[in-house]
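Please read it alongside the structure.

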Amino acid sequence: MNRQEIIISAEAFAKHRMSGFDSGHDWYHIERVRKLAAYINNKEKLCDPYTLDIAVILHDTADSKFNKVDSENGYKIIEEFMQKAGLELLIDQVINAIKNVSFSNKKSHGDKNDPLLKVLQDADRLDAIGAIGIARAFNYGGFRNNPIFIPDEKPEGLSKSTVGHFNDKLMKLKGLMNTKTGKELAEERHRYLEKYLEQFFKEWGFASST
Ligand code: ADP
Ligand code: NI
């Protein structure tokens, strides 16, 4: 297979593996992250564009949130795919990036300083903030049947509500960007989250006497 054929087969593999995921983690998430990752990498020239594209396409296919099997099994399936596609030389780097991209995955393993991981992580995180990030968060919360907001929920920790998830994760992402371009892109999206929460609490606190 030539490079273009490999990309097409990686796309088919990812679409198949992600079918049944919520809309925030569907194929359009991959398309958005591909554009963001390519944009960041074009500006900063941090890693090989082809390897980056493969990593983005595959990055959510082993997600244990959606797979009945655990992530380890998911990584094995990615490895098998990459082997069959003639990508054995990229397996270690791509699997390392996929294992480390997750915000919730705090287990320390592998090279956290690989530029491939840094670009992939920034692109994935940008899609979790801004207007799209808000849509994804409420969609995921609905998918899990979580409440939109619990007024007396503790501000930190593993929140049950989606507004709680903003504080647990989304509001922190701007400060966790790895690249200069990622930081720049995060600014506007972060401000949008702040404005959104301000309006949310204004409406929630509506008092009939005012
Ligand atoms: P990561 O891989 O960085 O841990 P996830 O795949 O868990 O990220 O999350 C991707 C997106 O799914 C988040 O940005 C958010 O939109 C949504 N999400 C994940 N967990 C929750 C949650 N508890 N409540 C609402 N949205 C969530
Ligand atoms: Ni993702």
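Is Asn145 buried or exposed? Asn145 is exposed, with a relative accessible area of 69% (buried means under 20%, exposed over 50%, partly exposed in between, with a 1.4 Å probe and protein chains only). This is a predicted model, in which local features need pLDDT of at least 70, side-chain atom pairs count only at pLDDT 80 or more, and totals for chains, interfaces and linings use all residues. Residues are numbered from 1 along each chain as its sequence is written, chains are lettered from A and ligands numbered from 1 in the order in which they are written, and side-chain values use heavy atoms, leaving out hydrogens and water.

**Loop residues with positive phi**

- Asn145 sits in the loop between helix 7 (130-143) and helix 8 (162-168) (helices are DSSP runs of H or I, at least four residues, numbered from the N terminus).
- Its phi is near 60°, positive although Asn145 is not glycine.
- Lys45 is placed in the loop between helix 2 (27-44) and helix 3 (49-58).
- Phi of Lys45 is near 45°, again a positive value in a residue other than glycine.
- Lys45 is exposed, at 63% relative accessible area.
- Most residues other than glycine have a negative phi.

**Helix 1 against helix 4**

- The axes of helix 1 (residues 3-18) and helix 4 (residues 71-84) come within 11 Å and cross at roughly 155° (axes are lines fitted to C-alpha atoms over the stretch in contact, with angles from 0 to 180 degrees between N-to-C directions).
- Helix 1 and helix 4 are therefore roughly antiparallel (angles over 145 degrees).
- Ser9, Ala10, Phe13 and Arg17 of helix 1 meet Gly74, Ile77, Ile78 and Phe81 of helix 4 (contact means heavy atoms within 4.5 Å).

Terms used:
Helices (H or I, at least four residues) and strands (E, at least two) are DSSP runs, numbered from the N terminus. Angles under 35 degrees count as roughly parallel, over 145 as roughly antiparallel, 65 to 115 as roughly perpendicular and the rest as oblique.
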